Amino acid sequence: MKTFLYQTNEEITAVARLLQEGQVVAIPTETVYGLAANALDEQAVRKIFAAKNRPADNPLIVHIAKREELTSLVKEIPPMARALADAFWPGPLTMVLPRSAVVPDVVTAGGDTVAVRMPSHPVARAIIEACGLPLAAPSANRSGSPSPTTAAHVMADMEGIIPAVFDGGECQVGLESTVVSLVGDKPRLLRPGGITPEQLERVVGEMDIDPSITANVHLDKVSSPGMKYKHYAPKAQVTLLHGSCQSFVDFMNHHAEPDSVALCFDEEASLINKQVLRIGHEHDHDEIAHNLFALLREADKQNVTRIYAHCPSRQGVGLAVYNRLIRAAAFDERELEA
Ligand code: TXA
Ligand code: MG
């Protein structure tokens with residue numbers, strides 16, 4: 001796989017050309033790395049599904065660099081969508097809107113809506129502008145594994161499968177974008193991410209929260225198809241634990257299997273008598289979000305077989321962390337006694 005590094009505009013132009021030719025290229029965004037292809041080219045988009053081994057019923061997000069590009073992709077732009085774009089674009093917010101006929105079925109998985117996002121990462125923006133195309137891009141991992149937050153993660157999953165990756169360094173947010181549907185009467189949060197429910201509600205008022213975000217709801221009922229798959233999962237068996245630092249430390253020291261590993265807050269690390277993976281400071285949700293996927297991949301590298309993860313509070317970005325962790329744990333979560 002060829003690796004591009006930003007030095008001059010030549011690298012951007014070279015990647016833009018690959019995309020115009022219908023190739024798939026992994027690109028950095030502020031959330032996670034994306035596996036990008038021309039969203040208007042059905043054959044190119046099919047290559048994304050093949051590279052990821054992604055089920056065809058899971059639609060893709062279309063990435064744009066300018067507001068005008070939204071107009072041709074959707075049937076209409078409701079006032080709430082304008083307000084959300086004003087507040088959070090460019091940035092980690094994806095909006096689901098009624099699609100226009102320009103968007104191929106393969107992108108929307110045959111549905112009548114399309115998900116659109118304007119990333120803020122300067123390399124992503126430069127590439128979209130240089131190729132002059134909207135780019136369909138899911139996270140650049142093989143389906144089921146944690147999303148890549150570095151070019152090295154992309155290479156681990158995609159070597160020999162895609163022709164190129166653009167190395168833009170570590171992704172700042174570290175979790176995928178917030179997905180909001182604006183198709184019904186009321187805005188609906190489909191996937192929590194870097195933009196928090198509190199931030200969204202300040203702009204759109206009260207929102208519905210899709211039940212699949214915090215629960216293993218019946219598979220046919222999920223409105224964001226990506227939420228139904230076992231996901232973000234390392235090879236190790238993960239259990240998610242809720243409770244105080246004291247109860248988590250006690251559990252690890254007295255009840256956890258000898259060779260198990262704690263995915264713990266920095267404050268707990270030195271108190272635990274087992275191997276630890278430090279996820280960040282207990283109250284720094286941005287830091288925890290930034291580190292989560294990289295640590296799950298690190299656990300795989302170390303051939304860890306059993307992980308106990310201490311869940312942060314579900315406030316703010318903590319909701320997105322919780323949403324990814326319960327999937328990594330295949331919904332095995334337990335309350336620790338105080
Ligand atoms: O931050 C992100 O969103 C990253 C970067 C690369 O932009 N992309 C990403 O894509 O996470 P992906 O494909 O891994 O996740 C897209 C999510 C899936 O859960 C999918 O089901 C949902 O968005 N989605 C896409 N189109 C949709 C639609 N029309 N209606 C409802 N959900 C949709
Ligand atoms: Mg994904």
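How do the residues of the lining of the second largest pocket divide into nonpolar, polar and charged? Five are nonpolar, two are polar and six are charged; here Ala, Val, Leu, Ile, Met, Phe, Trp, Tyr, Cys and Pro count as nonpolar, Asp, Glu, Lys and Arg as charged, and the others, Gly among them, as polar.

This is a predicted model, in which local features need pLDDT of at least 70 and side-chain atom pairs count only at pLDDT 80 or more, while totals for chains, interfaces and linings use all residues. Residues are numbered from 1 along each chain as its sequence is written, chains are lettered from A and ligands numbered from 1 in the order in which they are written, and side-chain values use heavy atoms, with hydrogens and water left out.

A pocket is an open set of points on a 1 Å grid over the protein atoms alone, where a 1.4 Å probe fits, with protein on both sides within 12 Å along at least five of seven lines; its lining residues have an atom within 4 Å of a point. The second largest pocket has 13 lining residues, and His153, Ala156, Arg297, Glu298 and Lys301 lie nearest its centre. Two elements, α7 (151–158) and α11 (285–301), each give two or more residues to this lining. The most come from α11, which supplies five. Domain 1 (2–213) and domain 2 (237–335) each contribute at least three residues to the lining, the domain bounds coming from an automatic or database domain assignment.

The protein chain as a whole has twelve helices and 16 strands, taken as DSSP runs (helices H or I, at least four residues; strands E, at least two) and numbered from the N terminus. Its C-alpha atoms fill a box of roughly 60 × 45 × 35 Å along the principal axes. Of its 338 residues, 58% are buried, where buried means under 20% relative accessible area, exposed over 50% and partly exposed in between (1.4 Å probe, protein chains only).

Two loop residues remain. His121 sits between β6 (113–117) and α6 (122–131), and is buried at a relative accessible area of 12%. Leaving aside residues up to four places away in sequence, His121 touches Pro28, Thr29, Glu30 and Gly168, a contact being heavy atoms within 4.5 Å.

Gly144 lies in the loop between β7 (135–136) and α7. With 24% relative accessibility, Gly144 is partly exposed.
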